Amino acid sequence: MTQERTADRPRVDAYEKVLGRALYAADQPIAGLLHAMTVPATIAKGRIEAIDATAAQNVRGVVRIFTHEDFSQIKTTPAARGAYGQPGKGHQPMTSPVVRHRGEPVALVVADTLEAAIEGAEAVKVRYAPEPFSARMEDELASPEAQPDRQLSSGDAEAAFAAADHRIDVEYLHPQQHHNPIELISTTAAFEDGELRIYEGTQAASAFAGGLAGMMGLEPTRLRGVSPYTGGGFGQKNGIQEQSVLVASAAALLRRPVKLVMPRGQLFHTASYRPRSRHRVRLGADGQGRLLAGLYETVQQNSRYDGFACDHGANPPRMYGYHTWQGNDRIVRVDTQTPGHQRAPHEHPASYATECAMDELAEAVGMDPVELRLANDAQSDPITGKPYSSRHLAGCLRRGAEMFDWSRRIADPGALVADNGDLIGLGVACGSYKGSMTATVTTLRLFASGRCEIATSGHEMGQGIRSVIAAELIEILGVDPAKLDIHIGDTGHAPQHITAGSWGTGSVAPAARSAAMKLREELSVLTGAPLSEEPVHVQLARTRRPSLEVTVNTIPLGKDAQIIEQLRRGIPSTTGPEYPDFMAFSWIAHFAEVHVERSTARVRVKRVVSVADCGRVMNRRTAESQVRGGVVWGIGAALREAGETDPRFGGVLNNDLAEYVVPVNADIGAIDVDFIDQPDFKLNMSGVKGLGEVAMVGAAAAVVNAVYNATGRRIRHLPIRIEDLL
Amino acid sequence: MTDPQDTQFLPLTRRQVLEAGTVVSASGMISTATAQAQTQVTTSPSLPENGTTVHIACRVNGQPTAIDIDARASLLDMLRERLGLVGAKKGCDHGQCGACTVHIGGRRIASCLTLAAKVNGREVTTIEGIGSADGLHPMQQAFIDHDALQCGYCTPGQIMAAIACVKEGHASTPEDIREYMSGNICRCGAYVGIVAAIEQAAPQIERG
Amino acid sequence: MRSLSYVQAKTVREAIEAYAAAGEGARYIAGGTTLYDLMKLGVERPAHLVDIASLEGADRIDTSGDVLFFGAGALMADVAENDVVRRDYPVLAESLSKAASQQLRNMATVGGNLLQRTRCPYFRNGAIGAYPCNKRAPGSGCAAIGGLDRGQAVLGISNACTAVSPGDWPVALTAMDATVEIQGPAGPRSVPIAEFYRLPGDTPHLEFEIEAGEIVTGISVPKTEAGRNSTYLKVRDRESYAFALASAAVALAMDGDHIRQANIALGGVATRPWRAREAEALLNLRTIEPDIALAAGRAAFADARPGEHNAFKIELGARTLADAIMTAGRKMQ
């Protein structure tokens, strides 16, 4: 146990990844694979009247064409949507003639080759009876829910707002966004060793055993979800996809392995996305900038048929010491597929609106935006009155301001000018994300040869979870990372939680750590003496046993053993941010420098400085990468990304990577990252909070505030584009 | 357990599964191509091909390869679905992301927008073909050193593009690298590391 | 994508014969970056492909004579990197190096690039949408009019189509008075680039002045001193790897510090590569000043007709042109 707390080690699976040997779902070598292609609905709502598959059947190589008539027995169970786990009637395409959103699959063509499947899919003729619809919340047939999803209040915020010296009352609009992990979501279903294996890039392999088995009327033990490497998730792979059960059922009916790689144009319509939302923010402050009142009302789009609660209001009251607060969040139902969690799902849009409003307040009060935030720092939650398990937000702000040289900022917009005439703007914003955990089941095996094997709950989708597991095993057991086999993302090795919500590290680090400590204890029992400084496998070898295995169930703070059973069934169950004795959040401060070209109004983000308080940093190198990635997402949100719907047609018009503009290399300048790196042992024995999501929270607002500082334009919608600043 | 779905599926015994597997194996294994000896021409096993086929003879990672393939198939689908070379990835299938980047005749191209038929007589290099026998290509090592990746899905394409970027002479400044690496989207946002990795590896790679 | 036959032609004659022999549904394919892409979207459905990417000598780049000659099969990347082009005709090199990505520039040919088709999402998005589109399905209507038209053209539009001509290279060639060399069953002919692109009118599906069976074999650009004082400025939704919202190709022939002749074309804003004669006239005999450059920019858009979401292209296009004029002018010094 001599390792430094913040180790800077190579990512443990980087070797496989740079060699191209990491096998993602669509890469699995499976004999006799059939290829599938979906036929997307070309109406936004209505019924299928007839499907003519004659021409498609005649395409050489086509094996079979499935329609809703083949799949009417598929059950839409509460668990069907996997991670969402929220009440709703659900909608599984192709189980009835009903079409509920544009682009949903209406037929599945299976063929010997991909080329034949595609040709077959193009040849399927579908006759629809379209029905009136609305795909945006402003449109005529959109249906606002009567009851808010969430209401939080503390004190009489209306009265405090009315009496405040300085008042800000603004509305911000956040667009629809799409995750677009570069791995296309593919599903391969194959019978292997008497079980039906589902290879799908997922953050929730147990959803297949739990959800898919229920939909297909199978015993969960006959299904195995396999996703050792997920090619980016960002929340889009949190649950079963619209395609998953269709491919699995096709494989079952054909008794052949079937693979479907969903084209990106269709994924914009079948997979989840971040819904559009509106945010009214009212802030009231006294002459010294003390926050007397915060009032925050939000509304977001949702599908007609699923639960996906509007949750924008959860974090903003916890950012600062509001004397009073009032918030409510509502949904409006429209004719689209169900939105879902996308990186910092509500925290990002909420931080965008509220942290931009803070910038407006700072100007109204005449205070520096960093000073305004420091003046309203708090160590307890205004809503529950509970203390925070740890909060170093002020430290993030101070260190970030120093690294960024914030003191050069001039409050008057446009006062800083670059040598080439560009306007320079500097902006700041903060973010938070709940400190959350879930259950894990971990088996750790040490071999006398020095090899070490661990199977646990969790998925790798780029956040570096293998490096986190390795860090704890290296620290406690001194194992050689090159001799470490880590089995994750596979229900054949361990039940798999949904790896999302930044609870992966907070769950798996304590799991690996406690398994390693238990293994030391048992080894000590075997050797009959306290362990020496010698490598543990050498001490094990001396006992003449080839290996030693321990299994540990970890139950997060505030939960009981029942959570292990939920984990086994693939039912999400997580903790936080509220715990019996405290509230737990990760915190971050972002500083952004933008240069705005005067003539063409192009905005370039030259530098971002981000300082995070995520508890203990498990691996400096991968943690920095994760924060940089969150910042790139913030820049994308601020200046690039929007899914666009033509209200006459529904669906997403810009459904490819040329038209849905995500940042490219040339868009990204310097991103300097630092950490407070103070462990939070109140939350777990590893002292970690989460990082992947908080990294993004506030980043877009910092850019938007910088754009204001450069141009004097308050643009209250995203993305900010050239036409907003010309 | 009375619905048709179940009756179709549940009676499936282990024996039947194995039988199905046997039949399937006879029609060809996709993974055999990588196991061929260096001196042999890899001929495609009898995978089914539909539509009109074309005969292609080319070199893939230095190895002579011959295949009859559907004339509309992409080079990417030939590599992945016929030759078992799955390092090149499908991220968009329309030349919009760069995950499928491989080299033809030493130049980087998008294999998803290249007809397989076009590589007849050409030399194709994929991520599987760049390392030396005794280890990593300097660009691969640099990607590890600078953590120029996260999920790893775009990484083979990034590395193939990065090697070409250096050979083309487009890696002399960070600005040049950013511009000439913009055809490879990294949704995880590892761009800072990618630029640093290319700066590190560039001096070790010969200009073309 | 339907099943198709594929042949590689070695010579132009062989290609033309193969095309004729293939009959209905035949298409030439060069780099394939447009055609294969649209085949995957179901917008193009050829039955026979005649590959003309490796015709003998088709990749010839000759800068030694009175004209610059670019064989149609020359790769975009190779022309962009050509030393003479980079030094003496930056507008041409920059229009190529700012297009697409290096991977695509290593595939696409400078001849094929002339025939790139629009990026209008209602045109491309056949599978999910099957939106009305007079270009894809003549007579079906135009969904972009009254729709999400932020990316649509403001110049050269008709009531049938507002789709933008997407290229950069054709814009630079238009400014430089290039000639398109064509061969067909009836023999060779030359078409000035200004006549190569049709306005949409009532027939937006007819885009290029080329007959079925004809092949673009090369591009000639007259040599001019103005080439050195030239630039291509492209403004888009991100810094790289995106189509133009507005672009400008500018080449200035100077007499001392006065402009003798300005050659100007615009991209991203019009239904074809757009020669801006009004702006050229306004600059005649003027010195290079910011207000004059901006006046020229405004003049270029005097006839613009915006839709609901793309009016900004008028101001952006004017400023883009003004910036390009200033940049080209600075090359004098």
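Which residue follows α11(A), and is its phi positive or negative?

Modeller: This is a predicted model, in which local features need pLDDT of at least 70 and side-chain atom pairs count only at pLDDT 80 or more, while totals for chains, interfaces and linings use all residues. Residues are numbered from 1 along each chain as its sequence is written, and chains are lettered from A and ligands numbered from 1 in the order in which they are written.

The residue after α11(A) is D405(A), and its phi is positive, near 60 degrees.

Buried residues in α11(A) are L393(A), C396(A), L397(A), G400(A), A401(A) and F404(A). A residue is buried if 20 or more other C-beta atoms, placed from the backbone, lie within 10 Å of its own, exposed if 12 or fewer do, and partly exposed in between. Seen down the helix axis, the buried residues of α11(A) fall within an arc of 125 degrees, so they line one face of the helix. The arc is taken over the directions from the axis to the C-beta atoms. An α-helix has 3.6 residues a turn, so residues three or four places apart point the same way.

What does that face pack against? The buried residues of α11(A) pack against α10 (369-375), β18 (423-434), β23 (585-596) and β24 (603-613) of chain A. Here two residues are in contact if their C-beta atoms lie within 7 Å.

The phi of A601(A) is near 60 degrees, a positive value in a residue other than glycine. A601(A) is also buried, with 23 other C-beta atoms within 10 Å.

On another side of β23, the loop between α15 (562-568) and β23 of chain A holds P577(A). The peptide bond from G576(A) to P577(A) is cis, with omega near 0 degrees.

Chain A has a further cis bond to report, from L718(A) to P719(A), with omega near -10 degrees. P719(A) is placed in the loop between α17 (699-711) and α18 (722-725) of chain A.

A further positive phi belongs to M94(A), near 70 degrees, and this residue is not glycine. M94(A) is found in the loop between β3 (62-66) and β4 (98-99) of chain A. M94(A) counts as buried because it has 29 C-beta neighbours inside 10 Å.

Finally, chain A has a partner: 68 residues of chain B are in contact with 64 residues of chain A. On the side of chain B that touches chain A, α2(B) gives the most, with six residues. By class, that side has 32 nonpolar, 21 polar and 15 charged residues. Ala, Val, Leu, Ile, Met, Phe, Trp, Tyr, Cys and Pro count as nonpolar, Asp, Glu, Lys and Arg as charged, and the others, Gly among them, as polar.

Definitions and conventions: Helices (H or I, at least four residues) and strands (E, at least two) are DSSP runs, numbered from the N terminus.
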